[in-house]
Amino acid sequence: MTESKIAAETITAANAQHSATLTADYAALGDHLSRRDIDIEAITQKVANYGVAIPSWGVGTGGTRFARFPGRGEPRNIFDKLEDCAVIHQLTGATPTVSLHIPWDKADPKELKAKADSLRLGFDAMNSNTFSDAPGQALSYKFGSLSHTDPAIRRQAIDHNIECIEIGKALGSKALTVWIGDGSNFPGQTHFTAQFERYLDSMKDVVKALPADWRIFTEHKMYEPAFYSTVVQDWGTNYLIAQELGPQAYCLVDLGHHAPNVNIEMIVARLIQFKKLGGFHFNDSKYGDDDLDTGSIDPYRLFLVFNELVDAEQRGAEGFDPAHMLDQSHNVTDPIESLMQSAMEVQRAYAQALLVDRTALAEYQEANDALMAAQTLKSAFRTDVEPILAMARHRKGAAISPIAAYRASGYRDKVAAERPAVTGGSGGII
């Protein structure tokens, strides 16, 4: 039995206000694209088939290192989180899977699977947590986890990752994402080489527990919480790890985990070239790892990343099968609204990248015509693909205007009445 958190008639009524305008806009865009020898229906179908995973932790209110300000109707547990995730997918038609974080989302796997099935959701990559201490945990990760000097602490971290694999197997997941906060805050605090060797040895034990049809994604981050050195600090180190761990190991690219002005799209191209691109955490940043809504700061960079992805897709790059997930923190917005907006922005970048005239681009590149090559990309980026996104949603029974439909549904007021209010702020990132 399936359940819908928002009544179908609410979406139907909301769509009725926009359907005529959408039909006209879609036809106009179709005429425009046909003059560029682009079939709008082919693009719409690709967009409709595209999906990005929702992070379970994303539906709660985030925070900074200094404070967290709770929101109304915050999920109390993973089952509430799944309901919020279901609303996002119901309205956007773009988020069919959820990525869990253990131990935050730990519950009976049978109950989790049954709940997700009832909401028509699947499970994406599992995420382990050895960057903070869980209640009742025997040993602390204050000075590291998989790379800790104490073998007992390393063993605890290894066992936790294996536990995540076992939970994921019961849920139908096919991947494990490992991000660690290990590093150092003072020069001389740790021996860089020995620390990295300990990490690799620990990860090899985790890889041994992977089912044959699973992948493991390692995630790099240049700083935080270790501010002097970080064990997995950049894409080069991440690539070395994937090479060392073998054919089931891949690199995960979080758009916020890079220094300002780093050419992320070139990193993506390199990882595709050497068959080690595992997937993405989509978000945006202004200063550092800000976890801002996807496309909120630099939508052109998001487009350029998707330009590389579509290029690889269309030329049939060997081993190309990246996982896509959002990863952001919401401090001043309704998390459901922000996640819907981000899912649509990722779809937008994908649609725009599908419009690139790749034959012309290749000719300009071969002729070293820098100006026209750049203009070819800009032409696709400047095209308003909103009618394509909206039509893809409409045909799937989702909302033409998801945020408007969400607000009209009163869902936030409903869950705020059901879920106990969290009072007072708290410190630290969640």
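**Cavities, sheet and helix packing in a predicted model**

Y250, L271, I272, K275, K276, L277, E318, G319, F320, D321 and P322 line the largest cavity, where a cavity is a set of points on a 1 Å grid over the protein atoms alone at which a 1.4 Å probe fits but cannot get out, and lining residues have an atom within 4 Å of a point. This is a predicted model, in which local features need pLDDT of at least 70 and side-chain atom pairs count only at pLDDT 80 or more, while totals for chains, interfaces and linings use all residues. Residues are numbered from 1 along each chain as its sequence is written, and side-chain values use heavy atoms, with hydrogens and water left out.

**Cavities**

- The structure holds three cavities of 30 Å³ or more, and the largest cavity has about 40 Å³ of space, a volume being the space filled by probe spheres set on the grid points, which are joined across faces, edges and corners.
- The lining of the largest cavity divides into six nonpolar, one polar and four charged residues, where Ala, Val, Leu, Ile, Met, Phe, Trp, Tyr, Cys and Pro count as nonpolar, Asp, Glu, Lys and Arg as charged, and the others, Gly among them, as polar.
- The second largest cavity, with a volume of about 40 Å³, has a lining that includes F280, H281, A323 and M325.

**Sheet**

- Six strands form an open sheet in the order 4-5-7-9-10-11, with parallel pairing; strands (E, at least two residues) and helices (H or I, at least four) are DSSP runs numbered from the N terminus, and two strands pair if DSSP finds at least two bridges between them.
- Strand 4 (126-127) and strand 11 (323-326) stand at the edges with a single partner strand each, so one side of each is left without a neighbour in the sheet.
- Strand 10 (residues 277-282) runs parallel to strand 11 and is joined to it by four bridges, and A323 in strand 11 is the bridge partner of G279.

- Helix 10 (299-314) packs with helix 13 (residues 370-381) at an angle of about 110 degrees, with their axes 11 Å apart; axes are lines fitted to C-alpha atoms, for helices over the stretch in contact, and angles run from 0 to 180 degrees between N-to-C directions.
- Helix 10 and helix 13 are therefore roughly perpendicular to each other, a term that covers angles of 65 to 115 degrees.

Conventions
Parallel < 35°, antiparallel > 145°, perpendicular 65-115°, else oblique. 1 Å grid on protein atoms, 1.4 Å probe; cavity = no way out; pocket = protein on both sides within 12 Å on 5 of 7 lines; lining within 4 Å.
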